[in-house]
Amino acid sequence: PPDSNIGWRIEFRSMEVQLSDFENAAYAVFITLLTRTILKFGLNFYIPISQIDQNMQTAHKRDAVLNEKFHFRKNVLEGEDDSELMSLNEIMNGKDDFVGLVPLVHQYLDSMQDHESRPTLNKYLSLISKRASGELMTGAAYLRQFVTQHPAYKQDSVVSPEITFDLVKRAADIGTGDYKASELTGDFI
């Protein structure tokens, strides 16, 4: 943090709990694979802390995953310190001369030659990729849409007990597999 003497640190923050076990597994596996990819290929994600602070502010905006750009290193494989503003889709899936995190994880998996678990890992990575591209909704967008489209919602920012009950029921049904939210999970579940 600025004006602190704690020095450099690296962290992956814990994610919000998703609605289904599949989604939770996808994010947990992705982070694990990304850390292994970083170590295997010696990737460098350093950017100035001021840009990280800006990224945190940007990430708090509604639908930032689709509409905002974040500071990210142009080249994670070499020593150049330049960063640029990229969409989350570009960071995760790549663009022009930037490979993207999901393709880098696929390169790592290719080097491991683990054919047995690869189909499941590919599904997890595909979910992450499609969320970043906007092809699939994020959990927050899904829940927000559920509330705003609920028949009892009065466009007044009040989530009534009736809406809350239906929302919690829907979340539970998604979690148990009794409701398929294809806009959230695609054909993966």
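In this predicted model, the side chain of Asn 44 comes within reach of the backbone nitrogen of Tyr 46, at a distance of 2.8 Å. Asn 44 itself sits in the loop that links helix 1 (21–41) to helix 2 (49–59). Leaving aside residues up to four places away in sequence, Asn 44 also touches Arg 73, Asn 75 and Val 76.

Two of these partners, Asn 75 and Val 76, lead on to a further feature of the model, as both belong to the lining of the second largest pocket. This pocket holds about 170 Å³ of space. Alongside Asn 75 and Val 76, its lining includes Lys 74, Leu 77, Glu 80 and Glu 84. Met 86, Lys 95, Asp 97, Phe 98 and Val 99 complete the set.

Stepping back to the chain as a whole, nine helices and two strands make up its secondary structure. Read from the N terminus, the order of these elements is α-α-α-β-β-α-α-α-α-α-α. The C-alpha trace spans about 55 × 45 × 35 Å along its principal axes.

The chain has 189 residues, and 36% of them count as buried. Its accessible surface amounts to about 11,700 Å², with 52% of that area belonging to carbon and sulfur atoms. As for how the chain contacts itself, among contacts between residues at least 6 apart in sequence, 53% join residues at least 24 apart.

Key
Residues are numbered from 1 along each chain as its sequence is written. This is a predicted model: local features need pLDDT of at least 70, side-chain atom pairs count only at pLDDT 80 or more; totals for chains, interfaces and linings use all residues. Side-chain values use heavy atoms; hydrogens and water are left out. On a 1 Å grid over the protein atoms alone, a cavity is a set of points where a 1.4 Å probe fits but cannot get out, and a pocket is an open set with protein on both sides within 12 Å along at least five of seven lines; lining residues have an atom within 4 Å of a point. Grid points are joined across faces, edges and corners, and a volume is the space filled by probe spheres set on the points. Helices (H or I, at least four residues) and strands (E, at least two) are DSSP runs, numbered from the N terminus. A polar contact is a pair of N or O atoms within 3.5 Å; within protein, one must be able to donate a hydrogen and the other to accept it, and residues adjacent in sequence count only if both atoms are side-chain atoms. Contact means heavy atoms within 4.5 Å. Buried means under 20% relative accessible area, exposed over 50%, partly exposed in between (1.4 Å probe, protein chains only). Accessible areas come from the Shrake-Rupley method with a 1.4 Å probe; for residues, only the protein chains shown count as cover.
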